[in-house]
Amino acid sequence: MKNVVRYHNVDIVRQDIRVLKHIDLSIDAGEFVYITGKVGSGKSSLLKTMYAEVPIASGNAEVLAYDLTAIKTRQIPLLRRGIGIVFQDFRLLNDRNVYHNLEFVLKATGWKDKSEIDQRIEDRLRQVGMLNKSYKMPYELSGGEQQRIVIARAMLNDPSLLLADEPTGNLDPATARQIMERLHEISANGTTVIVTTHNETITSSMPARTLHCADRIISDKKSG
């Protein structure tokens with residue numbers, strides 16, 4: 001099975017502080033992976049290296065066959081087209097409705113045909129159960145509804161890799177479970193999904209491969 005993510009002896013440094021060291025990591029196409037650990041343990045920094053927002057300090061790192069240690073600035077948008085990102089704080093544009101939030105992303109990534117744009121938005125909103133909310137402004141939606149829209153946005157361009165950074169952090173338990181069920185469904189359909197979380201209820205009730213960040217080390221099995 002093809003590696004979507006492959007890190008060997010990678011160090012991540014932020015503001016002269018080594019956040020994670022000696023990372024050896026291989027994630028295959030279609031895998032669902034949790035990354036757990038306390039706040040500040042390096043979970044988000046690891047995700048940010050995967051879409052080249054944080055540079056690799058040392059070692060070898062590949063994501064979607066891009067060498068992150070040698071990637072050119074002009075290549076970063078190409079890498080990111082293959083990656084969908086789900087943020088905990090949603091990052092929806094509050095000056096436009098749900099449809100126009102998604103349309104903005106498609107136009108920014110090169111879509112031009114209005115009928116194709118309409119169809120893609122309809123398909124993705126239906127996928128997350130939000131087709132009847134396309135006219136709503138983000139502030140008119142609940143946190144769970146906004147997170148569903150963010151997942152739809154992340155899936156617009158059929159990414160090979162979906163990164164979700166604490167996607168249930170601001171949600172009640174029932175809504176959090178619904179969001180995680182959506183992410184597991186996306187993985188079951190062939191997309192590699194990586195989720196950072198500190199929600200042990202989720203990881204125990206919906207088990208998957210789990211990586212754990214602690215003491216600047218990332219391991220494939222939770223300690224304790």
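Helices here are DSSP runs of H or I with at least four residues, strands are runs of E with at least two, and both are numbered from the N terminus. This is a predicted model, where local features need pLDDT of at least 70, side-chain atom pairs count only at pLDDT 80 or more, and totals for chains, interfaces and linings use all residues. Residues are numbered from 1 along each chain as its sequence is written, and side-chain values use heavy atoms, with hydrogens and water left out.

Back at the start of α3, a side-chain oxygen of Asn-97 comes within 3.2 Å of the backbone nitrogen of Tyr-99. Tyr-99 is also one of the buried residues of α3, along with Val-98, Asn-101, Leu-102, Glu-103 and Leu-106 (buried is under 20% relative accessible area, exposed over 50%, partly exposed in between, with a 1.4 Å probe and protein chains only). What do these buried residues of α3 pack against? They pack against α4 (114-127) and α5.

A pocket is an open set of points on a 1 Å grid over the protein atoms alone, where a 1.4 Å probe fits, with protein on both sides within 12 Å along at least five of seven lines; lining residues have an atom within 4 Å of a point. Points are joined across faces, edges and corners, and the volume is the space filled by probe spheres set on them.

At least two lining residues each come from α2 (76-81), β6 (83-86), α3 (98-108) and α5 (143-154), and α3 gives the largest share, four residues. By class, the lining of the largest pocket has 12 nonpolar, four polar and five charged residues (nonpolar is Ala, Val, Leu, Ile, Met, Phe, Trp, Tyr, Cys and Pro; charged is Asp, Glu, Lys and Arg; the others, Gly among them, are polar).

Now for the second largest pocket, at about 340 Å³. It is lined by 23 residues, and Ser-44, Gln-88, Asp-165, Glu-166 and Thr-196 are the closest to its centre. Two or more lining residues come from each of α1 (43-50) and β7 (161-165), with α1 giving the most, five. The class counts for this second lining are seven nonpolar, eight polar and eight charged.

Conventions
Contact = heavy atoms within 4.5 Å. Polar contact = N/O pair within 3.5 Å; in protein donor to acceptor, adjacent residues only side chain to side chain.
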